[in-house]
Amino acid sequence: MIVMAEHAGFCFGVRRAVDGITDALRRNSEVWTIGLPIHNPQEVARLEALGLRIASSESEIPPGAVVIIRAHGEALGVLASLKARGVTVEDMTCPFVKKAQDKAAELSREGYYVVLLGDKNHPEIKGILGHVNDSAGAEVVADENEALNVKHHTKIALVSQTTQREERLERVAGILTGKCTELHVCNTICKATSQRQEAARKLVRENSLEGVVLIGGKSSANTGKLRDILESEGVNVLWVEDERDLEAESGWLEGKNMIGIAAGASTPEWLIDKVKNIIAAKQEVPRGLSNS
Ligand code: SF4
């Protein structure tokens with residue numbers, strides 16, 4: 001038997017951005033993004049086959065090109081540089097990321113020192129950081145340990161990467177309370193993330209599973225967090241990007257009758273279906289018969 005997590009696959013923001021790129025590719029023979037539009041190699045390959053070009057920085061984009069700003073958003077400096085190059089920009093920044101950018105901009109203008117909770121190398125954090133008013137100052141902390149090193153400031157605003165866990169935000173807020181006279185906490189964690197995290201917990205707690213197949217890109221931060229949650233629930237997890245990964249680990253499925261499926265917010269539905277169908281086909285093979 002296969003049990004699906006209640007929330008799995010594309011979140012609202014990623015679906016919106018992928019639809020935006022697909023739509024732009026119907027109107028233009030080629031469309032650019034800066035960096036990967038989504039942390040899923042299979043979906044990226046599908047879009048590239050339709051004409052998507054991926055630049056590593058704005059300087060690679062030719063004048064007159066059409067550029068889609070991906071769901072992670074971009075720094076204000078990058079948007080200004082694109083404008084100066086005379087390209088057409090279609091902004092598909094996820095509204096939840098936009099909210100974090102706007103909050104960081106607004107609070108830094110009000111004189112708050114901005115502490116961003118997240119991964120300093122993640123494009124979403126770079127984009128949010130790129131909205132902070134230069135004179136206010138800001139830093140990125142990855143966790144509670146790094147929060148302990150934040151220096152004292154009169155006013156601190158804590159803004160989080162949208163994929164952070166609520167518990168960590170609360171613990172970091174607790175630490176920062178002792179490092180300022182006024183703390184403003186912006187919970188900019190998006191529901192899609194917490195819904196998928198809660199669905200992963202429920203999947204394990206409400207079913208007697210022998211394992212969970214987690215589907216998602218290996219560079220996807222939100223899929224990585226789902227893996228951590230599933231493992232902390234004590235279940236055996238097999239993380240696959242696509243059906244080929246599953247085939248390569250087909251021994252893992254042997255003897256398991258109750259399998260759960262969870263998927264990150266950047267995993268397309270067509271990929272989930274492919275993996276699910278393979279698991280179902282293997283489960284249908286009568287005992288004693290090979291399914292090769
Ligand atoms: S995870 Fe949330 S914030 Fe990120 S793109 Fe999806 S809906 Fe937007």
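The shell around the ligand has six nonpolar, three polar and no charged residues. Here Ala, Val, Leu, Ile, Met, Phe, Trp, Tyr, Cys and Pro count as nonpolar, Asp, Glu, Lys and Arg as charged, and the others, Gly among them, as polar. The model is predicted: local features need pLDDT of at least 70, side-chain atom pairs count only at pLDDT 80 or more, and totals for chains, interfaces and linings use all residues. Residues are numbered from 1 along each chain as its sequence is written, and side-chain values use heavy atoms, with hydrogens and water left out.

**The ligand and its cavity**

Which residues surround the ligand? They are Cys11, Gly13, Cys94, Phe96, Val97, Thr162, Cys190, Ala192 and Thr193. Helices (H or I, at least four residues) and strands (E, at least two) are DSSP runs, numbered from the N terminus.

The ligand takes up the space of the largest cavity. A molecule sits in a cavity or pocket if more than half of its atoms lie within 2 Å of its grid points. On a 1 Å grid over the protein atoms alone, a cavity is a set of points where a 1.4 Å probe fits but cannot get out; a pocket is an open set with protein on both sides within 12 Å along at least five of seven lines; lining residues have an atom within 4 Å of a point.

The structure holds one cavity of 30 Å³ or more. The largest share, three residues, comes from α1.

**The second largest pocket**

Gln164, Arg165, Glu167, Arg168, Arg171, Ala221, Gly224, Lys225 and Asp228 line the second largest pocket. Two or more of its lining residues come from each of α7 (166–177) and α9. The largest share, four residues, is that of α9.

The table sets out both spaces. Each volume is the space filled by probe spheres set on the grid points, which are joined across faces, edges and corners.

| Space | Volume | Lining by class |
|---|---|---|
| Largest cavity | about 340 Å³ | 13 nonpolar, 11 polar, one charged |
| Second largest pocket | about 170 Å³ | one nonpolar, two polar, six charged |

**Two open sheets**

Strands of a sheet pair through backbone hydrogen bonds, either parallel or antiparallel. Two strands are taken as paired if DSSP finds at least two bridges between them.

Angles run from 0 to 180 degrees between N-to-C directions, and axes are lines fitted to C-alpha atoms. Strand β2 (residues 31–34) and strand β4 (residues 66–69) pair in the parallel sense over two bridges. Trp32 has Val67 as its bridge partner in β4.

Another open sheet of four strands runs β1-β12-β10-β11, and its pairing is parallel. At its edges stand β1 (2–4) and β11 (237–240), each with a single partner strand, so one side of each lacks a neighbour in the sheet. Here the twist averages 25° from one strand to the next. Strand β10 (residues 211–215) pairs with β11 in the parallel sense over four bridges. In β11, Val240 is the bridge partner of Ile215.

Conventions:
Near = heavy atom within 4 Å.
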